Amino acid sequence: MRPRTLYPVCLLAFYSFVWAAAGALAATAPAVVWLEAEQFADGGGWSNDPQFVAQMGSPYLLATGLGKPVKDAVTRARIPSRGEYRLWVRCKDWYPEHSPGQFQVIVAGQPSKTVFGKANSSAWQWVDGGLFNIQSAEVEVRLRDLTGWWGRCDAVVLSADPSFRPSDNSDDLARQRETFGGVAREIQQPGPYDVVVVGGGLAGTASAIAAARMGCRTALIQDRPVLGGNASVEINVPPQGDTTREPLDPGETGIIEEFDPLGPRHADWSTPMEKVVRAQKNLDLFLNTRATGVVMKDKTAIDAVEALDVRTGARYRFAGRMFVDATGDGWIGYWAGAEYRHGSEGREEYGESIAAEPSRQTMGNTIYKMEFRTHDQPVPFAAPAWAYKWTSPDDFDKDPIHAIRTSGERPKNFDDLTKGRGREPRTPNAGAFEWWVELGGMYDTIADAEWIRDELFRINIGLWDYVKNYNPKTIEENKNKELVWMNYVPGTRESRRLLGDYVLTQKDFEQKTVHPDTVAYCGWGTDIHHPWGFFAKGNEYYTGFHHKQSIPYRSLYSRNISNLLMAGRDISVSHIALGSVRVMRTCCIVGQAAGTAAALACQLYTTPRGIYEKYLDRLQDQLLKDGMYLMGRPNADPNDLARSARATASSVAAIRNPALSAKAKTAVNGGLIHELKTPRAVMFTAKGAGTAPVNLESVSLFLRSTLARPATIRAVLRPAKQLGDFSSQTNLAEAEGTVPPQSAGWVEFKLAAKLEPGNVYYIALPATLGLNWDLYPSEPPGTTRAYGGPNWKPMYGCYRFKLNPGGEPEGAAVLPLADSTGPDAQGTPTEIIRLEPANVINGWNRAVSGAPNSWAPDPKAPLPQWVELHFGKPVKFNSVHVTFQLPTLAAAAYSIHTSVGGKEWKTVARVTDNRQRRRVHEFEPVTADRLRLVIEANSTSGSTPQVCEIRVYDETEK
């Protein structure tokens, strides 16, 4: 094996030779002026698009005008000698049948006679722009967009050599860029770093922060101008995650809580993420920097990541000890030679009953973000001829957008790969912010990425044309509306998955495996989209296994590259398991786990695999310490002084027990009471003896009212084709019910009908402000729910209902609410539990399976109230971790005090206006035998605070 100390020297000598040769070539060659479009001094209205560097070699400028030519991109170029220069432009006709993106190049005020963006192929190519007589030492060069429809320019070259032509060969072209200054010859070498993280989505950003907080010098490399990936302000996909939340369950925790401290459905994740990164010591952020390759120590280890500044052409080499691939597409692993998968495994490989035959098919991509402007007068829109065209509801397939809920069977239509006609838009804004306008799974989401993006342009423009000009339901609403922006960066669901020592599969979900090396979890369910996406015939996705699923550490490091970890959707899972782990909140906690492991590997001079073999407990202890939840793994940190303490409190709250029954192991995201601010529906499977119809007399729904007067509401009963299909608008029966004022209880509806045993039906209620509908804490078999009719959106869960005859669904569990007092609305006595002070040191930092694991003061006792830890002897410490139940149950004001013998209490920390669930307090070292957390104010919502965990440490500086 080549000695590591010699390798950089040899590499430097090699590049010195290349630079010298390149310099000599430039000195002897006739004058060539090379201008990279993305480096123009003023980009005007053109956008820098670096998404496809690996496919076509460079960032480029994209005219994003939506039918209105954008402002010129302008730069100035020095001309080495006067004379005649030939213009060459590297460009692309992205749809040659119509040539949508046309532009001119203007040199010294003279427009090129050639119009670029018109060709007989869609390949990137150099186009001759003709001769220009240049008699000045400096000229202005402009890119003039002619159409506003995504014209694209990579580079502009002026050559005084009549025989010179830039190369179309990718390797030769890369050398020409370097020779003539398109990219920097010198490679800058920041660092060296302990940990290099590539990819600035939620996974990569959390990974980099975690590594830096462990004391490792860390680089975070992101090819966009903002952080966030699919959640960024550019793409705007709301991060999703655990949908199995039980009462008091905070969902994904840890670093993600700092990006999203209050849990609102906010649109800007980029700003809070960058704020956290910029404040972190040991962490260097490189935005607008795209990885382009790796340098290997040997066949099994990475030495450095090479990258390009997509604005300036500066080149970098980031040397490191550990590398985290959070690129989504697995680029770092791919370049390093890591084993990977791309596509769907066959059902036999892992014994996955809902898998397909082996194929390259994946889930597709979506352009999610569009912006509209409403004017005072009508705004016409004429769709270009190249857009997809729909002029009638009959032009679309009639299949609704809905899921098949599976418990182990594969939907038949997923093996039907016939391209359909698309689906009618559900909103007046067509495909804006609609995940189902999806494409790419039938193609290669990496190699064909630019073509897939362009097809999504065509689809979305066609859908806007339909709702703007043809759909009678939306024409009036849209007549004054103008489409002013469409994002050009698609959100990606699936591409490469790098293989680790363990591959998470359907079997793990079926068996609910809790891995001994668990480091994260997912709770989205196996959500698999049809490879045709928008053009799928029948169901577009199927989903199942809705429970919390342990993710093992062995799925987070490469099986054959010794210093590579993975974070995000490129971890070691099957195509089926990816359907659950791919969502962003899950990716974020996986990223934190990968970054923590990378840092430990550096500190302990081992490999990621070595962490699993020798230091797994240490990794898990650190993740729990940093606020994460590990299924089945309580706090066992030997350094936490609180574990050996005794807890007492000034008072104790008593609440109704929120623990779930044995049959209710999962629950519903969004709480267990839903406002009827939108239509809502519950679906069930009819039961009965043999094949005799079920003579249904009535249905009762558990409704609540906040109104001061009785409310009348009409329910309808409809048939369904299958579970999850809410498309039917046929009413079998309808009836009114009256909800008493200020009430909570069963409301009867005389929905008399004959039901066929085994068939599926649903009951729907209209939007009615002031009324609410309760859910069961889990989804009983044969049921589901939806909201937003008539274009229903199916969701996991089940609203409370009971049939007469028949009763409530089998497997339904009723959960009393933790903030209630006395008997529940049905008058049934409920078990009361006390939130004892010992819960703050019982090893759990959150509610688990309904158990609160928290202390709360008696809400009737006046504040301040306190919980106290008795260490039994004086101990030295300088850090206290405080974790509340939820952000809404966090004390708005509290303080931490220390004492010896309960005398002369010293305040070491005080917080006011708190809205955070978890805080770490660091202070000068103190020696004390008691620590007291004093609750000085209720939560900002007015609720009595609940404290889940207190940790105490004597930290050494990292």
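This is a predicted model: local features need pLDDT of at least 70, side-chain atom pairs count only at pLDDT 80 or more; totals for chains, interfaces and linings use all residues.

The buried residues are Leu616, Leu619, Gln620, Asp621, Gln622, Leu623, Leu624 and Lys625.

The elements that cover these buried residues include two helices, helix 13 (584-603) and helix 14 (608-614). Strand 26 (518-522), strand 47 (865-884), strand 50 (918-937) and strand 51 (947-953) are also among the covering elements. Just after helix 15, Gly627 has a positive phi of about 95°.

## Helix 4 against helix 6

Helix 4 (residues 202-213) and helix 6 (residues 270-278) have axes that come within 10 Å and cross at roughly 20°. An angle under 35 degrees counts as roughly parallel, and helix 4 and helix 6 are therefore roughly parallel to each other. Their crossing is left-handed. On the side of helix 4, the contact is made by Leu202, Thr205, Ile209 and Arg213; on the side of helix 6, by Met273, Val276 and Val277.

## Aromatic pairs

A pair of aromatic rings is described by the distance of the centres and the angle of the planes. The whole structure holds 49 aromatic pairs. One of them joins Trp149 and Trp386 edge-to-face, at 5.2 Å centre to centre and with 80° between the planes. Trp149 belongs to strand 10 (residues 149-159), while Trp386 is in the loop between strand 20 (370-374) and strand 21 (403-406), so this pair ties together parts that are 237 residues apart in sequence. Trp149 and Trp386 are both buried.

Trp436 and Phe534 form a stacked pair, with 6.0 Å from centre to centre and 20° between the planes. Because Trp436 is in the loop between strand 21 and strand 22 (438-439) and Phe534 in the loop between strand 27 (528-529) and strand 28 (541-544), the pair ties together parts that are 98 residues apart in sequence. Trp436 is buried, with a relative accessible area of 0%, and Phe534 counts as buried at 0% relative accessibility. Trp436 and Phe534 also belong to a cluster linked by ring pairs, whose members include Tyr388, Trp390, Phe396, Tyr443 and Trp451. Tyr466, Trp532 and Phe535 are in this cluster too.

## Arginines over rings

Two arginines are placed over aromatic rings. Arg800 has its charged end over the ring of Phe702, 4.2 Å from the ring centre. Arg932 lies over the face of Trp866, at 4.0 Å from the ring centre.

Terms used: Residues are numbered from 1 along each chain as its sequence is written. Side-chain values use heavy atoms; hydrogens and water are left out. Rings of Phe, Tyr and Trp (its six-membered ring) pair if their centres lie within 6.5 Å; planes under 30 degrees apart count as stacked, over 60 as edge-to-face and the rest as tilted. Helices (H or I, at least four residues) and strands (E, at least two) are DSSP runs, numbered from the N terminus. Buried means under 20% relative accessible area, exposed over 50%, partly exposed in between (1.4 Å probe, protein chains only). A charge sits over a ring if NZ of Lys or CZ of Arg is within 6 Å of the ring centre and within 35 degrees of the ring normal. Axes are lines fitted to C-alpha atoms, for helices over the stretch in contact, and angles run from 0 to 180 degrees between N-to-C directions. Angles under 35 degrees count as roughly parallel, over 145 as roughly antiparallel, 65 to 115 as roughly perpendicular and the rest as oblique. A crossing is left-handed if the near helix is turned anticlockwise from the far one by less than a right angle, and right-handed if clockwise. Contact means heavy atoms within 4.5 Å.
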